[in-house]
Amino acid sequence: MIFYSIVIFSALGLPGMIQLDDRWGPYKDIMVCYKRGADMITEITSSGKFPPIVHAQALCVDLKNFKKPEKAV
């Protein structure tokens, strides 16, 4: 199987959840995929671009179930 890493998080004062899609994948090994998710969470929390993070979760989605986001026009 081939996996893509996705991070979903919520931050203090922001309405709802925010989803970040990994731009480095895909990954053949699920553990490498989760490691990348953990690295993405570390980048988010240390970037200073968001208010304090309330919850963050890394997900690895099988390529068959992953829909690439459409580019903004």
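A nonpolar core is taken here as a set of buried Ala, Val, Leu, Ile, Met, Phe, Trp, Tyr and Cys residues joined through side-chain atoms within 4.5 Å. In this predicted model, the largest such core comprises six residues, namely Val7, Phe9, Met40, Ile41, Ile44 and Ala58. Two or more residues come from each of strand 1 (3-11) and helix 1 (30-47), and helix 1 makes the largest contribution, with three residues. Beyond residues up to four places away in sequence, Ile41 is in contact with Val7, Ala56, Gln57 and Ala58.

Strand 1 is also paired with strand 2 (residues 18-21); the two run antiparallel and are joined by four bridges. Within this pairing, Ile6 has Asp21 in strand 2 as its bridge partner. The two strands form a hairpin with six residues between them, and Gly13 in the turn adopts a positive phi of about 85°.

One aromatic pair is present in the structure. The ring centres of Phe9 and Phe50 lie 4.9 Å apart and the ring planes are at 80°, so the pair is edge-to-face, the cut-off for which is over 60 degrees. Phe9 belongs to strand 1, whereas Phe50 is in the loop between helix 1 and strand 3 (53-62); the pair therefore ties together parts that are 41 residues apart in sequence.

Methods:
Residues are numbered from 1 along each chain as its sequence is written. This is a predicted model: local features need pLDDT of at least 70, side-chain atom pairs count only at pLDDT 80 or more; totals for chains, interfaces and linings use all residues. Side-chain values use heavy atoms; hydrogens and water are left out. Buried means under 20% relative accessible area, exposed over 50%, partly exposed in between (1.4 Å probe, protein chains only). Contact means heavy atoms within 4.5 Å. Two strands pair if DSSP finds at least two bridges between them. Rings of Phe, Tyr and Trp (its six-membered ring) pair if their centres lie within 6.5 Å; planes under 30 degrees apart count as stacked, over 60 as edge-to-face and the rest as tilted.
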